[in-house]
Structures are given as C-alpha cells and as structure tokens.
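I opened a new structure today. These are my notes on what I looked up.

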Amino acid sequence: MRITQGCFSFLPDLTDEQIRTQVQYCLDRGYGVNIEFTDDPHPRNTYWDLWGLPMFDLKDAAGVMSELAACRKAYGDRYIRISAFDSSHGWESVTLSFIVNRPAEEPGFALERRESDGRTIRYATRAYSADRPEGSRYG
Amino acid sequence: MDEAIDLRQEFEGAGIGEVLEKLDRELIGLAPVKSRIREIASLLLIERVRSRLALTGQPPSLHMSFTGNPGTGKTTVALRMADILHRLGFVRRGHLVAVTRDDLVGQYIGHTAPKTKEVIKRAMGGVLFIDEAYYLYRPENERDYGQEAIEILLQIMENQRDDLVVILAGYGDRMETFFTSNPGFRSRIAHHVDFPDYGEAELLQIADLMLEQQNYRFNPAARDAFARYIAKRRAQPHFSNARSIRNALDRARLRQANRLVADLDRKVTASDIMTIDAPDILSSRVFAEEKSA
C-alpha cells in the first residue's frame, strides 16, 4: 500500500527536478529546510530522524539536493521526507512537508479491533513493517 | 543555418556593460584587473551564445585566484565578479560567501568535513570567496586538518562546476607557495588575476572618492598635505594600499571633529563640517616621526 502523507501525496512521486523546484521555493521564502527519514510509516509517528542539520541559510537548492542524495545513499530503503519550517513570528511551524523517497515495497497497515467495556470496539492501525525491529523493517 | 547573432543585443541584454561601467567608475586604477575581467566577461558572453547554438561541450571552468597585496581591492572585485557571473547565468543566485580558514577547518578530528560541507552548501549557486587561502595548507604540521578541507574543495570544484565558483585570494608570494605545494588547485583554476599596487596619484583619487562617499571634502591645502602624507606612508612598513588610506581618512575625520569641538563658541557652517583642513592631516604620526628624526 502506497502511503500518502503530507503535500503532493496523491500525485505520482516527484522527480528530482520537481523536488529541486519545491525546495527552491521554500528557500526563497526563507524557510528552513530539513531532511528527515524513518522506517515507521504510521501516520501518527511524528518522531522522524533528522538527517544532518536544518538548512536555513542556503540560497540555492543544490545544497539540499546533495544532502538528499547522501541521505538516499544511506537510507534509500526507508521513507525520506523534506519539511520546511517557517520561523517567522506567530507562525513558527512546519509549513510544507512531502515524501521524497519510499521503500521498494510498502506492506501497509493492519486494522485491529479491540473489544472494550461492554460491546464498545476501539480501532487501531498497525504497520506490518513495524512487526520487525527498528532498522530491519525494509529490505 | 547561419543565423545572424546580434552580439550587441546579447551584451546589453545581459546587463554586463552596466556592471563593467560601475567597476570602472568605482574602482580607481587596477587597469590589468579590469581588462582581465573584461576578457572573462567576453568569454562568458560568447560561451553563452555558443551554448544556445548547442556548440559547447563542457561548461567553462570559472574558478579564479586573485593575488595581490593587502588593500588592492580583491574582495570588492570578487563581489562584482559574482554579479557578472550571475547576470550571464553562470551561477544561479549570484551571492558571495566570503570565508577564511576558520570557517572551513575544524578543531578536532572529524570536525572539518562537515564544517567545510556546510560552507559549500551555503555558497552553492553563488561564489565562494576564500580569503588568505594559503592558510589552509600548513606544511609545518603534517596532521593539520587544512588538508582535509582542501581535498573536499578540490572534489567539489571538479564535480559541481555548475553549482559553485570558487575564488581564492591572498598575497602573491604566499599564494605561489600554496599552489606549488597543492598542484591540484593550480590546474583547476582557470583564471589567475594579479592585483597591482596603487600609484600615488591613484591613492589620492581613491581618497577623494572615499571622502565624497562620506560627504566630506579636502580643501586645497589639505589635499596637498594628503599627497605628501601618501608619499611618506607608502615608504613605511605595513602599508596596505586603499585600506591604509581609509584608516588615515578616519583619523583625519577624528582630528577634524576634535578641532571643531575645541572652539565651541565659534559658529560653524555646513561647509566647515564637511571640509578636512591641512592641520587635520599634518598632525599625523607619519609627519611627527619625520620631525623627531
């Protein structure tokens, strides 16, 4: 199952040229650009690992693209996303985030029903990939 | 097939004429540097036309080295160079990142590579200006981390030519030693530009220009005194061309202010406040030493 998170997630995966254009847009607006990766694709997982340092003082997307290439080399079998942080006063949050790399195979999620008090049912989603320990979930 | 190309239109379209004119107007002297920059600009213009006609194979190597004594305008010219390269489309953003050894070389093992890469990332799409580049290489210490920074730079200069232009700057003789011990650098740098020292007349012109920019002026006596000052100061050690002139003018402004404030009862006019007088120059240390000797 192809997971859809963040911007552009219902479009086909962005090409490098398209990623570069998006990153350049972020840099031109003065956002700090981060590269993050994870192997736990659960939508509520907010704790992605940061690759290198946030890049907030770049002028050109080439720097981000070379970091992205390095990150793909090291963690090409995981999810990688680019997020842009707007630090301006009153906003101070992530304004744009999109997936730029995904594993070759995405096993998807299981829906678990848990019976609770009385006849109440609680639902939980669990990624099949999370069955295996951290670091060996893909590939 | 043989489509006519209007070079004038190309030239004006790129707006380089404007930059070169500004260079001529704001930088006194430096004739060899200016002609060299003109040459480079022409080359780039032709290269651009060629690439449009699909005549070119590789992008031209644009890395440069600027050598010259202190205060000869290396940094100023580098800034203009970034502008020219940007207008011609050889760098995408046209900003200049000026760094020295401190910004590139780390303090402990494993610190240098990330530090250098950060700086390179910041400079991408523009010009990386490395001032006093010879400090990167310290032959007396074979474990010096400078070598690591040099290797990363060389790699980037070769592989990411279209992302980054590197300009190395420094004093002539020391740069020469630097290039001899790092032949990789010399071969990757296409343009070596040498900045000559300024003549006395040029230095006086520079002083006039600097004062004008700060809304000051010499009266004739002061201008004579300053010409004499330049002749004496040039003969002294640690003379750094335009920078020494700027410092001398700053001190003259200080003395002028002091002279005006000394007599508070006198009514001063705008012209008094703007004018540097001969005593402001003549009370300089340079003249004092002559008297005592």
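This is a predicted model: local features need pLDDT of at least 70, side-chain atom pairs count only at pLDDT 80 or more; totals for chains, interfaces and linings use all residues.

Residues are numbered from 1 along each chain as its sequence is written, with chains lettered from A and ligands numbered from 1 in the order in which they are written.

**Chain contacts.** I looked up where the chains touch: 9 residues of chain B are in contact with 7 residues of chain A (C-beta atoms, placed from the backbone, within 7 Å). On the chain B side I found 5 charged, 3 polar and 1 nonpolar residues (Asp, Glu, Lys and Arg count as charged; Ala, Val, Leu, Ile, Met, Phe, Trp, Tyr, Cys and Pro as nonpolar; the others, Gly among them, as polar).

**Cores.** I searched for nonpolar cores (buried Ala, Val, Leu, Ile, Met, Phe, Trp, Tyr and Cys residues joined through C-beta atoms within 7 Å). Buried means 20 or more other C-beta atoms within 10 Å of a residue's own, and exposed means 12 or fewer. The largest core has 72 residues, and Ala78(B), Val127(B) and Ile167(B) have the most contacts inside it. A second, separate core has 19 residues, among them Tyr198(B) and Ile281(B).

**Helix H8.** Which residues of H8 in chain B are buried? I found Met175(B), Phe178(B) and Phe179(B). The face turned away from them carries the exposed Asp173(B), Thr177(B), Thr180(B) and Ser181(B). The buried residues of H8(B) pack against strands S1 and S4 and helix H9 of chain B.

Conventions. Two residues are in contact if their C-beta atoms, placed from the backbone, lie within 7 Å. Helices (H or I, at least four residues) and strands (E, at least two) are DSSP runs, numbered from the N terminus.
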